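Hello,

Here is the structure I said I would pass on. My notes on it follow below; please read them alongside the model.

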Amino acid sequence: MAFHPRRPLLAVGTGGYDGGYFFEGELLLLHLKTGAVASLIEHGTGRQVLGLEWLDEQSLRVLMAPPDDWRDEAAHEEGHVAVVDRTDWTSVPAQSLDGRDLAGPRVPAPRPDHREAAQRATAELRSLWQAQRAVPER
């Protein structure tokens, strides 16, 4: 996720490997004041987004997995980085980023395993929730 440097916008990248061929995902743009969400990638399966960074008010750096791993031994360790420029990100329509927008050089993009950290965070939240529920109401 990456907050826009000046506008009430949050870029959110999602995705994962489908286990057989594709790296699917979405690039979402959330308008924090209105709650409106736009899925920006035009292709139906999208692309797995691995990283996001606003370089300035008009430029969003997007790190994505390759579209698939067919005949691509390095697909799980490398990705593509693109810089998408828009004059006004508040008016970017849904499904308006195409392959040209997301084209970029191949770069190292190892996928760290965050399962253990996620399990710890879930356990901590569970214990906080249980502690909150144990407090008698007044």
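Strands β1 and β2 (residues 9–13) run antiparallel and are joined by 2 bridges. One of the pairs involved is A2, whose bridge partner in β2 is A11. Please keep in mind that this is a predicted model.

The pairing belongs to an open sheet of 4 strands, in the order β1-β2-β5-β6, with antiparallel pairing. Its edges are β1 (2–3) and β6 (37–39); each has a single partner strand, so one side of each is left without a neighbour in the sheet. As background, strands of a sheet pair through backbone hydrogen bonds, either parallel or antiparallel.

Next, L63. This residue sits in strand β8, which covers residues 59–64. P108 is 45 residues from L63 in sequence, while the C-alpha to C-alpha distance between L63 and P108 is 10.0 Å.

The relative accessible area of D72 is 19%, so D72 is buried under the 20% cut-off. With residues up to four places away in sequence not counted, D72 touches P66 and R106.

R71 is found in the loop between β8 and β9 as well. Is R71 buried or exposed? R71 is exposed, because its relative accessible area of 73% is over the 50% cut-off. Its backbone is the other point to note: R71 is not a glycine, yet its phi is positive, at about 55 degrees.

Q95 also has a positive phi, near 55 degrees, in a residue other than glycine. Where is Q95 found? Q95 is in the loop between β9 and β10, the latter being residues 106–108. At 51% relative accessibility Q95 counts as exposed, since exposed means over 50%.

Regards

Terms used: Residues numbered from 1 in each chain as written. Predicted model: local features only at pLDDT ≥ 70, side-chain atom pairs only at ≥ 80, totals over all residues. Heavy atoms only, no water. Pairing = 2+ DSSP bridges. Buried < 20%, exposed > 50% of the residue type's maximum accessible area, 1.4 Å probe, protein only. Contact = heavy atoms within 4.5 Å.
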